[in-house]
Amino acid sequence: MVAGTDKGEALFTHPMFRKGTPTHLARRRQILDDVRKRFKLATSWYWSTVHYITSEQVSDATWEQIGNRCLECGGCSYMCPTCTCFTVTERQVGPADFERVRIWDACALGGFTRMAGGFNPRRAAHDRRNRRFFRKLAHYFIQRELSVACVGCGRCVEVCHGDIGMPNVVEIVRRTTAESERHEPAAS
Ligand code: SF4
Ligand code: SF4
């Protein structure tokens, strides 16, 4: 392991980073086995959805179906351990004193992509949902970071009022895109 700072190097001396023992490995295997038993479906649709999103096969109608359920609260982004977007603003800290501060922002919110002149290339909620799930699931990120950007923590499931956390979006994208593939006329 290599840390980027002295603080990070110091953190590596913590017992949390010590090498695992055979007992740890056995415990890890046991936890994984227990978790697998809790899955109700043996089939994962995840990689079909990664493929559909990467190859831009997901229709506007599907994104609209997802976007129509988004209440634009921003909760999924604020809770997500892999969302890091922010904005910069000023606040008054004294009669004539101001400071520039960085605060969380979320791609779900209408102002996130609004430019200085007022133009907003992602005005509709479904365009913004499209962007978020592209950023989480596109194959481009697997090539660049060796992993999709979603770690599967489920926080967006817990917080979403519209029931469009990651698993439901994966299911909607996979089902609607597979259905439209089935109904496409065969190439002559
Ligand atoms: S399940 Fe994925 S998208 Fe949802 S909060 Fe966790 S890391 Fe983020
Ligand atoms: S938590 Fe759900 S409703 Fe809120 S912004 Fe995210 S997708 Fe939209």
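Angles of 65 to 115 degrees between axes count as roughly perpendicular, a handy cut-off to keep in mind for the views of this predicted model.

**View 1. Helix H4 meets helix H6.**
Helix H4 covers residues 60-67 and helix H6 covers residues 125-137. Their axes lie 8 Å apart, and the two helices pack at an angle of about 100 degrees. H4 and H6 are therefore roughly perpendicular to each other. On the H4 side, look for Trp63, Glu64, Ile66 and Gly67; they meet Ala125, His126, Arg129, Asn130 and Phe133 of H6. Sorted by class, this contact holds four nonpolar, three polar and two charged residues.

**View 2. Helix H6 meets helix H9.**
Here H6 is seen with helix H9, which spans residues 166-183. The axes of H6 and H9 cross at roughly 95 degrees and come within 12 Å. This pair, H6 and H9, is therefore roughly perpendicular as well. From H6, Phe133, Lys136 and Leu137 meet Met166, Val169 and Val170 of H9. The contact of H6 with H9 has five nonpolar residues, one charged residue and no polar ones.

Ligand 1 takes up the space of the largest pocket. Around ligand 1 you can find Cys80, Pro81, Arg132 and Met166, together with a run made up of Cys150, Val151, Gly152, Cys153, Gly154, Arg155 and Cys156. Seven residues of this shell are nonpolar, two are polar and two are charged.

**View 3. The surroundings of ligand 2.**
Whereas ligand 1 takes up a pocket, the space taken by ligand 2 is the largest cavity. The shell around ligand 2 includes the cysteines Cys70, Cys73, Cys76 and Cys160. Leu71, Glu72, Gly74, Ala108, Arg129 and Ile164 also surround ligand 2. By class, there are seven nonpolar residues, one polar residue and two charged residues in this shell.

Methods:
Residues are numbered from 1 along each chain as its sequence is written. Chains are lettered from A and ligands numbered from 1 in the order in which they are written. This is a predicted model: local features need pLDDT of at least 70, side-chain atom pairs count only at pLDDT 80 or more; totals for chains, interfaces and linings use all residues. Side-chain values use heavy atoms; hydrogens and water are left out. A residue is near a molecule or strand if one of its heavy atoms lies within 4 Å of it. On a 1 Å grid over the protein atoms alone, a cavity is a set of points where a 1.4 Å probe fits but cannot get out, and a pocket is an open set with protein on both sides within 12 Å along at least five of seven lines; lining residues have an atom within 4 Å of a point. A molecule sits in a cavity or pocket if more than half of its atoms lie within 2 Å of its grid points. Ala, Val, Leu, Ile, Met, Phe, Trp, Tyr, Cys and Pro count as nonpolar, Asp, Glu, Lys and Arg as charged, and the others, Gly among them, as polar. Axes are lines fitted to C-alpha atoms, for helices over the stretch in contact, and angles run from 0 to 180 degrees between N-to-C directions. Helices (H or I, at least four residues) and strands (E, at least two) are DSSP runs, numbered from the N terminus. Angles under 35 degrees count as roughly parallel, over 145 as roughly antiparallel, 65 to 115 as roughly perpendicular and the rest as oblique. Contact means heavy atoms within 4.5 Å.
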